[in-house]
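Q: I am new to this structure and would like to learn how to read its features one at a time. Could you take me through them?

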Amino acid sequence: MTRLPLIEESEAPSDLVARIKRERGGKFLALYRILAYSPKVAEAWLQFFTVIRQQCGLDARYRELAIMAIAKLNGARYEFEQHIPFALRAGITQTQLDHIESWRASAEFSEADKAVLAYTEAITRDVRVPDDVFAGVRGKFDEKTLVELTATIGGYNMVSRFLEAMEVHQE
């Protein structure tokens with residue numbers, strides 16, 4: 001049970017609901033049914049994550065790898081489950097998803113994957129990124145990609161924290 005009742009479509013601004021459904025696969029997801037209590041926040045949220053997910057050049061594999069790691073690190077089961085189909089479409093295997101928490105010891109991940117996972121873990125757990133961890137991603141990605149990866153990690157940490165604070169655990 002969420003901490004706030006989920007807003008029904010009829011209770012939210014119709015233009016906002018239409019945009020959410022258009023940009024999120026035709027669904028008015030539980031996350032947005034909470035965000036809709038503040039239409040301005042919901043609109044800004046939608047805009048930011050539409051850019052992150054649909055308008056950046058960051059490879060979908062690295063985006064989803066970071067999102068899945070964040071969800072596991074923050075205990076955000078809903079976020080993890082919602083992104084499984086995206087992760088699989090982005091080329092992440094079910095075996096890799098099963099090993100996301102033990103990525104360091106797993107042979108399932110490439111060096112670039114491990115650099116992304118180390119960077120994601122550092123930002124999520126410690127905020128400050130050690131120089132050697134940053135050097136790992138810096139050696140694999142250009143400046144634009146690093147900005148997009150960092151924004152993705154920061155943004156999806158916000159998502160998991162919001163979901164957990166509001167106890168959004170299922171659709």
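Q: At what angle do the axes of helix α1 and helix α3 cross?

A: This is a predicted model, in which local features need pLDDT of at least 70, side-chain atom pairs count only at pLDDT 80 or more, and totals for chains, interfaces and linings use all residues. Residues are numbered from 1 along each chain as its sequence is written, and side-chain values use heavy atoms, with hydrogens and water left out. Helices are DSSP runs of H or I with at least four residues, numbered from the N terminus, and axes are lines fitted to C-alpha atoms over the stretch in contact, with angles from 0 to 180 degrees between N-to-C directions. Here the axes of α1 (residues 14-23) and α3 (residues 39-55) cross at roughly 20° and come within 11 Å. Angles under 35 degrees count as roughly parallel, and α1 and α3 are therefore roughly parallel to each other.

Q: Which residues of α1 and α3 meet?

A: Contact means heavy atoms within 4.5 Å. From α1, L16, R19, I20 and E23 meet residues of α3, among them P39, A42 and L46.

Q: Is T120 buried or exposed?

A: Buried means under 20% relative accessible area, and exposed over 50%, with a 1.4 Å probe and protein chains only. T120, which lies in helix α7, has 0% relative accessibility and therefore counts as buried. Leaving aside neighbours within four places in sequence, T120 is in contact with A66, A69, I70, L73 and I153.

Q: Which residues does L149 touch?

A: Not counting residues up to four places away in sequence, L149 touches L58, Y62, A66, V116, Y119 and V137.

Methods:
Helix = DSSP H or I, 4+ residues; strand = E, 2+ residues; numbered from the N terminus. Parallel < 35°, antiparallel > 145°, perpendicular 65-115°, else oblique.
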